[in-house]
Amino acid sequence: MRGSSLEFLRGWSRDPVAVGLPVTSSPWTARRLAHETLAAAVPDAVVPAEGPPPESPIVELGAGTGAVTAAFLDAGCPPDRLVVVERDAALCAGLRARFPALRIVQGDALALRETLAGAGIGSAAVVLSGLPMRAIPAAAATRCYADAFALMPPGGAIVQYTYGLRPPVDPAESGLPLDATFLGREWRNVLPMGIWRYRLRRAALAE
């Protein structure tokens, strides 16, 4: 854990805005985030006549040193179903060393469709975002969310965690028809962390 914390601190020093705060998620927080994300995953909507397609991946944005990534695996998520997106090269190297069976994609999560397309990934079942949306320009945050929903079937969800008290992406200001649900606050974290789930409003999906 000390090594992971030091690696995360180094990542924060290289790019404070991209990393957010120089602290890793606590074990309790990591387990809760993994649970909420897996619970929100939507199965593929279309099943071809020859049989079910491969399941769309669980996509984690901004994995850092992999605290939540490890919690996904501990919760039973198959390694071949988890895709991790991280921009920092050194953190990516650490993730690849720690999780050699996973698909670790180095790239910009704010250009999500383009980044995943470059890795041959064109769909998602659910997205977990650890990106510091409050420190990111609103237009970039909106683009990231729009890309994420375009990858998911109807009913798809983005689980977002934040250290702030308000929704990290404000539905009223995003320009997207978002429903934001507060899932709770994890107090056993430094700092306490709020967890939100975003979905597109049903009326928007019907249009």
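**Exercise 1. Decide whether Ile195 is buried or exposed, and find out what lies around Ile195.**

Step 1. Look up the accessibility: Ile195 has a relative accessible area of 0%. Buried means under 20% relative accessible area, exposed means over 50%, and partly exposed lies in between (1.4 Å probe, protein chains only). Ile195 is therefore buried.

Step 2. Ile195 sits in strand β7, residues 193-200. Helices (H or I, at least four residues) and strands (E, at least two) are DSSP runs, numbered from the N terminus.

A quick word on the model: it is a predicted one, where local features need pLDDT of at least 70 and side-chain atom pairs count only at pLDDT 80 or more, while totals for chains, interfaces and linings use all residues. Residues are numbered from 1 along each chain as its sequence is written, and side-chain values use heavy atoms, with hydrogens and water left out.

Step 3. List the contacts, where contact means heavy atoms within 4.5 Å. Setting aside neighbours within four places in sequence, Ile195 is in contact with Arg32, Leu33, Val159, Gln160, Thr181, Phe182, Leu183 and Gly184.

**Exercise 2. Work out how accessible Arg197 is and which residues Arg197 touches.**

Step 1. Arg197 is also found in strand β7.

Step 2. With a relative accessible area of 22%, Arg197 is partly exposed.

Step 3. Not counting residues up to four places away in sequence, Arg197 touches Ala40, Ala157, Ile158, Val159, Asp179, Ala180, Thr181 and Leu183.

**Exercise 3. Describe helix α7 and the loop residue Met152.**

Step 1. Helix α7 covers residues 138-151, which makes 14 residues. From first C-alpha to last, α7 reaches 20 Å, close to the 20 Å expected at 1.5 Å a residue. The expected span is 1.5 Å times one less than the number of residues.

Step 2. Sort the residues of α7. Ala141, Thr142, Cys144, Tyr145, Asp147, Ala148, Phe149 and Leu151 are buried. Arg143, also in α7, counts as partly exposed at 43% relative accessibility. Arg143 touches Leu110, Ala111 and Glu114, leaving out residues up to four places away in sequence.

Step 3. Move on to the loop between α7 and β5 (158-162), where Met152 is found. Met152 counts as buried, at 8% relative accessibility. Met152 and Ser56 are 96 residues apart in sequence, yet 8.4 Å apart in space, C-alpha to C-alpha.

**Exercise 4. Describe how helices α3 and α4 meet.**

Step 1. Two packed helices are described by the angle between their axes and the distance between the axes. The axes of α3 (residues 27-40) and α4 (residues 67-74) come within 8 Å and cross at roughly 60°. Axes are lines fitted to C-alpha atoms, for helices over the stretch in contact, and angles run from 0 to 180 degrees between N-to-C directions.

Step 2. Name the arrangement. Angles under 35 degrees count as roughly parallel, over 145 as roughly antiparallel, 65 to 115 as roughly perpendicular and the rest as oblique. So α3 and α4 are oblique to each other.

Step 3. Find the residues: Ala30, Arg31, Leu33, Ala34, Thr37 and Leu38 in α3 meet Ala67, Val68, Ala71 and Phe72 in α4.
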